[in-house]
Structures are given as structure tokens and as C-alpha cells.
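Hi,

Here is the structure I promised to pass on to you. Have a look at it first, and my notes follow below.

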Amino acid sequence: MYELINKVKEINPLVLHYTNEVTINDCANVTLALGASPLMSYSDEEVQEIVSVANSIVINIGTMNSSRLNLFVEAGKTANKFNKPVILDPVGVFATKTRSDFTNKLLNEIKFDVVKGNISEIKFIGGLDVRGKGVDSFDDNEDNSEVVKRVANKLGSIIVATGKVDYISDGESVIKIKNGTVKLKSITGTGCMTGSLIGSYLGAYDTLVNSKEEITISKLEAVAMGVLTMGVSGELADINNIAIGSFKEKLMNNVYEMNVDKLKEYARFE
Amino acid sequence: MYELINKVKEINPLVLHYTNEVTINDCANVTLALGASPLMSYSDEEVQEIVSVANSIVINIGTMNSSRLNLFVEAGKTANKFNKPVILDPVGVFATKTRSDFTNKLLNEIKFDVVKGNISEIKFIGGLDVRGKGVDSFDDNEDNSEVVKRVANKLGSIIVATGKVDYISDGESVIKIKNGTVKLKSITGTGCMTGSLIGSYLGAYDTLVNSKEEITISKLEAVAMGVLTMGVSGELADINNIAIGSFKEKLMNNVYEMNVDKLKEYARFE
Amino acid sequence: MYELINKVKEINPLVLHYTNEVTINDCANVTLALGASPLMSYSDEEVQEIVSVANSIVINIGTMNSSRLNLFVEAGKTANKFNKPVILDPVGVFATKTRSDFTNKLLNEIKFDVVKGNISEIKFIGGLDVRGKGVDSFDDNEDNSEVVKRVANKLGSIIVATGKVDYISDGESVIKIKNGTVKLKSITGTGCMTGSLIGSYLGAYDTLVNSKEEITISKLEAVAMGVLTMGVSGELADINNIAIGSFKEKLMNNVYEMNVDKLKEYARFE
């Protein structure tokens, strides 16, 4: 499974982002760091052309508003039309009715390959009760395997729920990853960047599938690679418990220097 | 007064930003660095909901245009309705008539708790003559105590005027802070980030006031804490006169590591 | 020619950017690092006022869409009206028909002093065949002197084509710069930042021309200074082949610390 990181660097998938203005630079840089090609667009006009040449599409609602809804829906539907993997990050979906309505419209119109959020966001989307504050609430003190399976089955998507333990499920299997550091919550954008990493791996995975090459990794594992890369990179970046300015720099360094050996050595599944 | 920094980390106030696209990432990170929670929004639709749960609101006109005016006015009026502290940063107000008209509309419709700018911006808002270039003009070679008092009384807001010496006034008292480094003008966003820090402290302060806890700090001091945190952090970051890429990283580190003892040791009031 | 860097720090030209949301912060910081003043605007309302006081205007289509077209056209035409140097960066022009239409409209309505892109973008604009992927395709294994001369003559602009070798041509002469590092392609924004550096140098150059001071540098060389500053800074930043988080920081440091002596020592022309 770890070898997919080499395929990303080889295939150099084009990861098209429809994302927020807060972390857009970080998302572009982390995509480059892993070896993929980022492309950021806010243009309704180029959706058809650009989705058709992308290898994956990441939709992130961080600074959504009604003028973006049509763009995001059109991008997602076009991704479905061209059979491109499409990922949703419903940032802060539980924070306002506006965000949950926006997310519902996206979920109703688009078939997402992956829906990624923190555990509060995933629970909310699954119709479970959450108490949230801002866009980064967590509820980490219980096993959420059944929750993510249920939401995965409900949406027909692979679900990624991040937290102290990260859960990735397709409704049948659950991968649980225990890497990471609390400091990933002390800088903005690590959640969004995880979406970019998932997009990069899925873009490579999809290219392999279409090339009829023999593949020894499942789609669920390809998604988990994105989460794992962020977790291990964060962990390695925080070895000396550095302050957040330096942590952000080292996080990027560690994604850039991530490889099969490090993933093998440091990955901690449960 | 310095203990308010611990309250920020404890209360973790939600600081809602309506801000520019240039420094939006820096503002989110500095808010996190201090221990508060940033939320950035460009959505007209969620103003009511989101202002009602925020602890403070920061409005920054850096890349304002007419399509943002209604959003900003609505956000500010909603802040007033819910009695949430609201801060204005009129970036470059003297640079164009468009910016001054925009600022006037905001000042007419909204009662701001704080108006923060560099001394040129504050003078301009106060109806005094300024000569400015771009968005960062300074006029530092005189005592501006009377200026900020006058503008504070005129607007009925706490005024923060940054420069070689920073002035904070509620129209009666003036706090003068001499911390900082010229290098704070060599990276973009330090002014905007000061607004985020003020928002973080005021969000904590307002929570304390509403909780009827005994408070040993005035609102003016709470605002000054934001200015002081930036000044001391900048000063400590620049001890070895490093270049600006490293300075930006160290500035974030220093905000993250700021505490009561450091503030006590390094604060220089006049 | 190298002394122009001192003039930038002395004159402190105001470089007005109409640019994308991905790298807008980097563009502001690199402009400050060199010693110029950045101003970013998305406001139709202030175009006339703000262009009239700017020393140069940079237009970058990275996240263009139809709502930006009028703003960009108006800004460019106003620059022409006031005889201000104006630079176009047609990011990813070959990636979609939308981008090439957008670029054509800009080229038809505005007389650009400089059009800067990677070699694929420049070839595309010149009507030559390119195969591109995303916004960063390169074709470096041939001498492109004739290409840039031809495109310069076709557009009546100075052409900058970046790649393993950078070409700068006014249609007669060609300056070829061999500085740089492949790592400049591993972080986002180095192309956009090169546009900001060109804008800074051209802003200073234009001020000198208008001041009737004796000038010992040509406009072509002033443009080349922007490309050279990025190339040498990148090269120096990458001496120890560091990872990209650190590289970005060191790149900014090196622009900030660039001076006549370093340019003399490290510049490699062909």
C-alpha cells in the first residue's frame, strides 16, 4: 500500500481544488510537496474543460457562500460525468444552518467518492447529535468505527473522520490510524491539506485503475494514505515540540520528504 | 492585566473575521497561536447565525469592494444587535476615496468597540490631514496622545494607532506602548494580525464580563494586550536581526509561546 | 544594471497587484522583501484613483473568472492611460479555452509592457503548439531565443519566458539567465512572485525615467533584474538542498538580503 506514494511522484496527478481562501496556498504547497500538481479554480467558465483533464477534484466549503454553490455543484457533477474521483470537505458543516444546507445540496447533487471531516462534522452529516464550536470541534473519547461505517453506508462514500484516532471506512472495513499530534490543530489548514493529500493519492490510484495496471492497493487504502501521510508528517514535525511557526515549516518538509520506508516505520494502525 | 492571556487560552473565544484575502491565513494562524479559535466567513447567508455564536468580530477592509460592503455592514450591525465586541481595521483608508467612503459607511452604520489603524489611518479618520502612500504610511515623530483621544471621543470607540509608539485610547486615558521592531513593517499582515489578537483578547474579556466574574482589567487594557502581544512578539523574534522569511516564522512562534512572565518582563509603556 | 536594486529600496515604488488568491500573500511579502510597497486590490471602484498613484501594475490571471475580466481590463487600460508600466502573467493560459480567451481579451484591450510566463505559456500566446498539463508545463531542452523574439515582436511587449534558462526579449535583444533551481517549481507562487519583482524594478525604473535622472540601464535590463533576483535567490536558498518548507522561508530571506555584490557574484548570463 505504501508504494502508492511513489506512484504519485511518477504520475504527478493534477488535483483540481475548489476551496477556501484561507488555506488555498497551503493546499497548493502540500500537493506539490507530495509530488502531485495542484490547480485552483474559482471559474464557472472553465469547469467542463478543466475537470475533464484533472485526475481528482477536491471541494472544500470553508468560505462557501451562495455565489459558490453553483460552481461547486457544477464541478462535482462534471467530475461524476467524467468519472473523476471527487472529495468533499464540509468544513464547519454543523456551525451554521447555511453550511449544512450548502453541504446537503452538494450531497444531493453529487456522488462523492470521499467525504472527509473531523469526527463532529461526520457525525453531523450522519444525522447524529453534535455539539460544536467554530469549525474544529472534536469528540475523541470513544470508538467511532460504527459511526463512520454507518455514515459511509448512508452516503455511499468512503468516509474519513479525523481526530485523536482517524477513521477511514467504506461501510464494510474500517482503517484506524493513530498517528498525528495535537499540534495539527494549532495551525490552520491541516484538515484542508489532508483533503489535498487524499486527492493526490486518489488521482494516482484512479490513473492506475484506468491503465489496467495490476494494483495491490484498495481504494480505501489509497484514501487512508492521505490521512496517514498527514499524521506521520505531523508526528515527525513535532518530535521536539516546537512552536507553531516552525511546526508549519517542518510539516511541509516532512510531507516533501515522506517515503515508503518512513511510512512503514511510523504508521500506527489499530 | 497580563493574566488575560491565560483566559484566552482557557475560554478559547471564537473570533469571527470578515477580512481580506492577502493576510487571511496569517490572521487565522495568529489567532490559533494565541489560543483562540478563528473563523473566517464571506457568506451573507450565515451572518445572523455565526455572529450570534462568535465572541468577537473583526472587520478588515484590505481588499474591500462594493460587493463586500453589504456583508460587512450586516455583520457589524448584527454584532451590535447581539452586543458582541466588533473591531474595525480600515486598511489604507486614506489611499483612495473608495476606501474612505467604504469606511465612512461602516462607521455610520456600526458602533465599533475598537478602530485600529496605523497613525496615518487614524488621523485621516479623525479628519486630520495626512500624506500617505499605499496602505502603510507612518508619521511617528510626534506625540499622538491628543490625536487618539480626540478621535476616540469623536467616534465613541477605543482607538488603536500603531507606529513607532502605539497609542490606545478610550478618549480619557491613553496607553502608550513602545515595544516592537521596524521589521513588523517588512512583512505583510502584522497590522491585520494585531486586529486578530485584539479580537481574541476582547472575546475573552467580553466572556468574563458576561460571566459576572470579578475582573481586574479594563476594556482599554484588554485592547492594549493585543497590541502589546504583537509588539513584544515582534521584538523577541527580531533579537538577532534575521531576514523576513525567518522573522515571520519566529513571530508566530513568539505569539504561540507568549505568556504572563514574558509580557511582564518585556512590556515597555511610556 | 545591478544598482537598480538600490533604487528600488530608495524609491520604494508602489506595486499594484490584481492577482490570484493562491499566492497573493507571497506576492505581497516578496515585494516588501525587495524594498517596494505592495498594494493588492479587487475593487472596480478604486481603479482610477489607485492606478494613478501606483508605480507599476501587475495583472495575474491565476484564478481568473468572468467577474474579474472587467476589473482587469479596466485596470490595464487605466495603466495605459496614465503611462504606468503594466505586466501580464497569463497563468495556465494553455490549460483551458477560458483562460486563453481571457488572456486574448486582455492582450487586445491593453498594451502590456511585459508579458511573463513559463516557456509553454509564452509559446502558446505566440501561436506556437504546446502540450501542457496544469499551469506549470515546461519545455526546456532547446534554445528559445527566436521564440521569445518573435512573440515580443508580435505583441510589442517585452517577453519573459521562464524555465531551466530564462529568456527576456524586447524583440531585438535577448537576455538569457541560467540561474535558479528546480526547487522553484516545487513551491507554488515563484512565478507569480517573479512578476512582483519585475513590477518592483519597473516601478523604480519608470520613476527614474520620469525624473530625468541619467539612467545607465535599459528597460529590458530592468525587467531582467526581476528574473535574476528570483533566480539567484532561489539558487542561494537551495545550496543545501533543503526541503520545501524551509526552502520557501530561505527564498524570502534571500530576496530580502539580495544586493549588488551578490547579483554581481552569482549572475550567470549565457
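**What I found**

K116(A) is found in strand β5 (residues 114-118) of chain A; helices (H or I, at least four residues) and strands (E, at least two) are DSSP runs, numbered from the N terminus. For "binding site", UniProt lists K116(A) together with T162(A), in an unreviewed entry. UniProt positions are given in the numbering used here, feature names are shortened, and annotations may be inferred rather than shown by experiment. The two span 47 residues in sequence, yet no two of their C-alpha atoms are more than 7.8 Å apart, so they gather at one spot.

Before going further, some ground rules: this is a predicted model, where local features need pLDDT of at least 70, side-chain atom pairs count only at pLDDT 80 or more, and totals for chains, interfaces and linings use all residues. Residues are numbered from 1 along each chain as its sequence is written, chains are lettered from A and ligands numbered from 1 in the order in which they are written, and side-chain values use heavy atoms, with hydrogens and water left out.

Now to how chain C meets chain B. The contact (heavy atoms within 4.5 Å) takes 23 residues from chain C and 28 residues from chain B. About 2200 Å² is buried between them, with carbon and sulfur atoms giving 55%; this is the accessible area (1.4 Å probe) that two parts lose on being put together, summed over both. The count of salt bridges between chain C and chain B is one, and the side chains that form it are R99(B) and E46(C), at 2.8 Å, N to O. The term stands for a side-chain nitrogen of Lys or Arg within 4 Å of a carboxyl oxygen of Asp or Glu. On the side of chain C that touches chain B, α2 (24-34), β2 (37-40), α3 (47-53) and α10 (244-256) each supply at least two residues. Of these, α2(C) gives the most, with six residues.

Finally, the symmetry. Chain A superposes on chain B by a rotation of 120° with 0.0 Å of shift along its axis (RMSD 0.0 Å), using least squares on the C-alpha atoms of residues with pLDDT of at least 70 in both. That is the relation of a three-fold axis. In chain A, the C-alpha nearest the axis belongs to E21(A), 3.7 Å from it. As for chain C, only 9% of its interface residues are also interface residues in chain B, so the copies meet through different surfaces.

Best wishes
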